[in-house]
Amino acid sequence: MAAPPVTDPEVTAPVTPELEHAAGKAEARRGFLIALPSFIYLVLLFVIPLGLVFVYSFATRDATGQTVLEDWNLESYKRLFSTEVLEIFLRSLVLAALTTGICLIVCYPFAFYIATRTPRVRNILLILVMIPFWSNFLVRTYAWRVLLGSEGPLSQLSVLLGGEPFRLLFTNVAVLIGLVYGFMPFMVLPLYAALERMDWRLVEAARDLYADGWTAFRKVTLPLSMPGVVAGSILVFIPSLGAYVTPALLGGARTVLMGDYIVSQFLAARNWPFGSALSFAVMFVMLLATIFYFRAGAKTL
Amino acid sequence: MANPAVELAGVTKRFGDEVVAVNELDLTIEDGEFFSLLGPSGCGKTTTLRMIAGFEFPTEGSIRIHGKEMGLKPPNQRPVNTVFQSYALFPHMSVAENVAFGLNMTKVEKSEVQRRVSRVLDQVQLSKRADARPSQLSGGMQQRVALARALVNEPEVLLLDEPLGALDLKLRQAMQVELKDLQGRVGITFIYVTHDQEEALTMSDRIGVMNEGSLLQVGRSEEIYEHPASRFVADFIGDINLIDVTLNGSGGARLSSGAEIALPGGTTGSETQITLALRPERLALYDLDEEIPAGYNRVRVKVSRRLYYGDVHFYDVDAGIGTEIEVKEENRPGVELYEVGEEAYLAWSPEAANLVTS
């Protein structure tokens with residue numbers, strides 16, 4: 001039963017339908033007031049700016065490159081289908097998918113390990129997962145520049161073993177390493193949450209019904225942890241697709257990704273309408289991916 | 001099969017260095033038997049069951065199923081199936097998929113799987129709900145799915161871990177009868193873990209009573225109920241009066257009030273403290289001027305409480321021995337009731353009593 005509505009404690013008259021109705025309305029009003037600050041925040045700083053970007057994507061530029069809010073057209077959207085843009089898009093998609101896939105493969109066993117420890121050990125491990133957040137992402141990405149550079153320890157190790165010095169920095173592999181590194185916690189945490197809720201008796205039941213350890217995992221543990229897989233994948237895929245810092249610092253000039261491409265349109269090229277259109281295209285793909293993931297996740301449950 | 005269904009020999013299970021969950025258990029369960037492990041929570045009965053299933057391994061000892069040593073075999077390589085306390089039905093599978101799980105794992109042919117699943121669902125009257133998810137079923141139905149999921153594999157031994165615990169009383173009683181009938185029909189050995197003594201008494205061929213990791217007594221329901229071997233068993237199974245008496249050397253005993261009573265024939269010893277175990281339904285109250293059957297013990301008591309249970313009346317009577325004695329009288333037509341404060345004779349046949357030590 002729902003909790004009785006908190007009403008004016010002064011009213012002690014017998015309850016009538018009108019009084020009961022009024023109390024319900026007061027309750028609804030109170031709920032709205034509680035949500036109001038975040039509502040205002042979201043409208044002011046998210047909905048309105050996004051609307052502006054949307055409007056700009058249909059604008060034109062004058063001879064000096066200045067954006068003018070007239071002659072509304074679809075030129076920027078047409079340009080999305082140029083080979084250059086499609087190539088960048090495809091590269092970003094592949095990289096985001098690879099990042100998501102690698103994170104999933106690396107993090108699932110780890111999340112499984114955490115979820116099956118005693119509560120004490122579990123908490124320590126979770127704190128360890130979150131420690132990277134305590135230092136700045138930019139600083140950590142710069143650290144990777146050192147590690148992956150031609151003077152870095154990886155290259156030195158190769159020389160020590162009699163090989164050639166090499167440099168991963170400014171390649172797609174470097175970007176991939178950086179992205180996987182950066183977004184790993186976003187995969188671990190939802191997976192952990194899903195596995196921690198697991199009813200391990202179900203796994204016992206599967207083992208009892210002649211499933212070996214691997215089959216029990218495939219038929220019971222994995223399907224039941226799908227909500228975690230879906231949430232983690234979305235949390236990694238979406239920021240990977242739009243990532244800016246990592247590709248900008250670790251990627252090469254020839255391997256432009258969506259994130260830095262959009263930034264370059266707004267800053268270097270000063271093509272705001274095109275930058276806006278690109279932003280919306282990325283958002284559209286993210287929306288599609290999210291719907292796809294949720295559908296796929298819902299099917300297993 | 002000539003070998004007993006399950007043999008436990010010297011089975012001990014320790015968790016860590018201090019907790020002894022099961023202590024040197026020796027037990028033989030015959031083929032086709034309905035055997036109950038009965039005891040309070042934490043007595044080691046579930047751990048014993050889990051060791052037979054293969055979810056836990058004994059620290060020491062041997063578990064054989066139809067003569068085959070189980071050793072460290074994982075659950076999937078043991079010829080047993082379990083009905084879990086909370087049913088543990090797979091929430092992401094339909095009823096039929098749940099039931100088919102074990103058969104699919106053992107590579108039974110598709111058509112055969114279908115045939116057996118539909119037959120067992122028919123048996124538990126769930127054919128119409130084959131496509132439902134477990135969460136859409138009532139507790140009783142889930143229970144039957146769990147049973148069907150285990151039975152469809154035709155295991156050599158079926159392990160049941162308090163399978164009726166979550167059901168309400170009426171349903172539980174109906175399921176008790178159903179389970180017992182089912183066991184008779186399929187002829188599979190059932191090992192049934194419960195803390196409910198009534199459940200154990202009504203269903204089992206034999207009962208093993210456990211406490212603190214040890215098996216205290218094994219026997220048929222009547223043996224356990226009528227002739228408990230220890231104070232714990234007497235106290236745990238059903239209602240019972242435990243009265244401390246002193247043997248008087250002439251086959252009788254003295255209550256702490258000084259009253260002399262006769263004991264079951266063949267009792268010897270004198271000046272030894274011993275406990276008399278008396279079932280409330282074996283006691284009767286008589287008017288002070290009423291005739292009492294010859295040879296019965298009689299003790300003068302005062303009624304201190306009367307409780308009406310519908311089918312029976314419970315009396316607490318004071319015999320001047322420090323604790324009150326409970327008497328259970330059937331609510332027959334014309335039964336004479338005693339009022340609180342009334343004096344009466346408490347009488348019982350000497351053979352109805354049991355002497356228990358420890």
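1. Start with a cross-chain pair. Glu204(A) and Arg50(B) join their side chains in a salt bridge, at 2.6 Å from N to O. The term stands for a side-chain nitrogen of Lys or Arg within 4 Å of a carboxyl oxygen of Asp or Glu. Across the interface of chain A and chain B, the rule finds 1 salt bridge.

2. A word on the basis. This is a predicted model, in which local features need pLDDT of at least 70 and side-chain atom pairs count only at pLDDT 80 or more, while totals for chains, interfaces and linings use all residues. Residues are numbered from 1 along each chain as its sequence is written, chains are lettered from A and ligands numbered from 1 in the order in which they are written, and side-chain values use heavy atoms, with hydrogens and water left out.

3. How much area do chain A and chain B bury between them? The figure is about 1,900 Å², with 65% of it on carbon and sulfur atoms. Buried area is the accessible area (1.4 Å probe) that two parts lose on being put together, summed over both. On the chain A side, Asp208(A), Leu209(A) and Tyr210(A) supply 41% of the area buried against chain B, more than any other three residues.

4. Now the residues. Chain A brings 18 residues to the contact and chain B brings 25 residues; contact means heavy atoms within 4.5 Å. Between the chains, 7 residue pairs are in polar contact, both at pLDDT 80 or more. A polar contact is a pair of N or O atoms within 3.5 Å; within protein, one must be able to donate a hydrogen and the other to accept it, and residues adjacent in sequence count only if both atoms are side-chain atoms.

5. On chain A, the elements giving two or more residues to the side that touches chain B are α8 (200-208) and α9 (213-224). α8(A) gives the most, with 7 residues. Helices (H or I, at least four residues) and strands (E, at least two) are DSSP runs, numbered from the N terminus.

6. Chain B is assigned domain 1 (6-235) and domain 2 (239-356). Such bounds come from an automatic or database domain assignment. The centres of the two domains, taken over C-alpha atoms, are 39 Å apart. Each domain of chain B gives 10 residues to their contact.

7. The two domains of chain B bury about 890 Å² between them, and carbon and sulfur atoms give 42% of this. In domain 1, Tyr225(B), Arg231(B) and Ala234(B) lose the most area to domain 2, together 59% of what that side buries. Arg231(B) also forms a salt bridge with Asp244(B), the closest N and O atoms being 3.7 Å apart.

8. Why is helix α1 (residues 45-53) of chain B largely enclosed by the rest of the structure? Because 7 of its 9 residues are buried, meaning under 20% relative accessible area (1.4 Å probe, protein chains only), with exposed over 50% and partly exposed in between. Among them are Lys45(B), Leu49(B) and Met51(B). Just after α1(B), Gly54(B) has a positive phi of about 100°.

9. Thr194(B) lies in strand β8 (residues 189-194) of chain B. Thr194(B) counts as buried, at 1% relative accessibility. A polar atom of the Thr194(B) side chain is 2.9 Å from the backbone nitrogen of Asp196(B). Not counting residues up to four places away in sequence, Thr194(B) touches residues including Lys45(B), Glu162(B) and Glu199(B).
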